[in-house]
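Today I am sitting down with a new model and my notebook.

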Amino acid sequence: MNEKPEPQRILRLRKSALDTTARCLLMGILNITPDSFSDGGAYHSTGEAVERAVAMVADGADIIDIGGESTRPGAAPVAASEELRRILPVIEGLRARSDVPISIDTRRAAVAAAAIDAGADIINDVSALRHDMEMAGVAARTGAPVVLMHMQGTPQTMQREPSYRNVVEEVKLFFTERVAFCRGAGIDQIILDPGIGFGKTVAHNLALLRGLPAFLPLGFPLLVGTSRKAFIGAVTGAAVAERLPGTIASSVLACANGACILRVHDVREMRAAIEITEAIIHGEASPHAV
Ligand code: HH2
C-alpha cells in the first residue's frame with residue numbers, strides 16, 4: 001500500500017511530527033501526584049520524575065504524558081497553582097534532557113498554556129475541552145494537538161452509576177459532536193480516546209475495546225489507556241501491581257483494533273509486545289531478525 005497517510009493522522013508538533021500511521025506509538029505515563037491510583041507518590045523529587053521519564057524514552061516511549069492531578073474515581077480536584085507547581089519543573093527538566101514529545105494531562109487552560117510555554121507539545125484533556133471554557137482557545141492559539149477523551153460525569157461522580165443504551169454508539173456520537181466543536185473553534189489536530197474507566201462499568205470497557213473499529217471512520221488517531229485499570233482487576237482478580245498481563249493483552253487487542261497510541265506505565269514490556277503484534281499485523285520482519 002503506497003497511499004499517502006491522511007494529513008490529520010500526522011500530528012504536527014512544535015519541533016517535530018508524529019506519524020500515527022507508521023506504527024503504534026507508546027505514551028509513557030508520568031503522574032506527579034500524591035494520589036494517583038497506581039503510581040501516586042512514586043517520585044519524591046523533580047529529578048526522580050525526570051529520570052523516570054528519560055528511562056521511559058530509553059525503553060521506547062514516543063510521548064511522555066505528564067499529569068499533576070489524579071482523575072481516578074473520587075479523586076479530589078487540586079488548585080491550578082498546585083498542578084503547576086507539580087508539573088512545570090518536570091517539563092522543564094525533561095525538555096533540558098530530551099526532545100521527546102510531551103503531553104500535558106490537564107483539564108485546565110492555564111495549566112495547559114503554561115505547560116506548552118515550558119516545552120509541552122500535546123494537550124491531553126480528559127474532559128474533552130468541556131471542563132474549562134478557555135481550553136479550546138489555548139489549543140487553537142498554540143496549534144497543539146488535543147486528545148479528546150470521553151467521560152460520563154466527572155471524576156468525582158463518574159463511577160456512581162454509569163449507564164448507556166449502546167456505549168459504542170454513544171461514545172461515537174460524543175466524538176462527532178466534540179470534533180464539530182473543535183472545528184468551529186479552529187482546532188484541527190485531534191486525537192480521540194474512548195476513556196477506558198471514565199464513567200464505565202467493566203462491561204462498558206470491554207464493549208468499547210471490542211468496538212474500537214467503529215471509531216476509525218471518523219478519521220482521527222485513536223488513543224487507548226487501559227494500563228493497570230480496575231476493569232483488569234475485575235476480570236482477572238489481579239491487584240494494581242499485578243495488572244501487567246491484563247494491560248498487555250488489552251493494549252495489544254486495542255492496537256489490533258485500530259488504536260495507534262497506547263497510554264501505558266510499563267513502556268519496556270509494552271514495546272516488546274507491540275513489536276510482535278505489529279510484525280504479525282503488517283507481516284514485516286523485526287529489526288532484530290537474523
Ligand atoms: N487515564 C487516566 C488519566 N489520564 N488520559 C487519557 N487520554 N486516557 C486515559 O485513559 C487516561 C488519561 C487515569 O490513569 P492514571 O493517570 O494512571 O491515574 P490517575 O488519574 O489516578 O493519575
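How far does a backbone N or O atom of R72 lie from an oxygen atom of the ligand? I looked it up in this predicted model, and the separation is 3.5 Å.

Next I turned to the side chains. D193 places a polar side-chain atom 2.6 Å from a nitrogen atom of the ligand. For K229, I found a polar side-chain atom 2.6 Å from an oxygen atom of the ligand. I then checked the cover: on its own the ligand has 480 Å² of accessible area, and the protein covers 99% of that.

I listed 18 residues around the ligand, with S36, S70, D193, K229 and R263 as the closest. Sorting the shell by class gave me six nonpolar, seven polar and five charged residues. I also asked which pocket the ligand takes up, and the space turned out to be the second largest pocket.

Is C182 buried or exposed? I noted 0% relative accessibility, so C182 counts as buried.

C260 got its own note: this residue is in no disulfide either, and its nearest cysteine sulfur, that of C24, is 6.6 Å away. A pair counts as a disulfide within 2.5 Å. With a relative accessible area of 4%, C260 is buried.

Technical notes. Residues numbered from 1 in each chain as written. Predicted model: local features only at pLDDT ≥ 70, side-chain atom pairs only at ≥ 80, totals over all residues. Heavy atoms only, no water. Near = heavy atom within 4 Å. Polar contact = N/O pair within 3.5 Å; in protein donor to acceptor, adjacent residues only side chain to side chain. Areas by Shrake-Rupley, 256 points an atom, 1.4 Å probe, with all protein chains shown as cover. 1 Å grid on protein atoms, 1.4 Å probe; cavity = no way out; pocket = protein on both sides within 12 Å on 5 of 7 lines; lining within 4 Å. Sits in = over half its atoms within 2 Å of the grid points. Nonpolar A, V, L, I, M, F, W, Y, C, P; charged D, E, K, R; others polar. Buried < 20%, exposed > 50% of the residue type's maximum accessible area, 1.4 Å probe, protein only.
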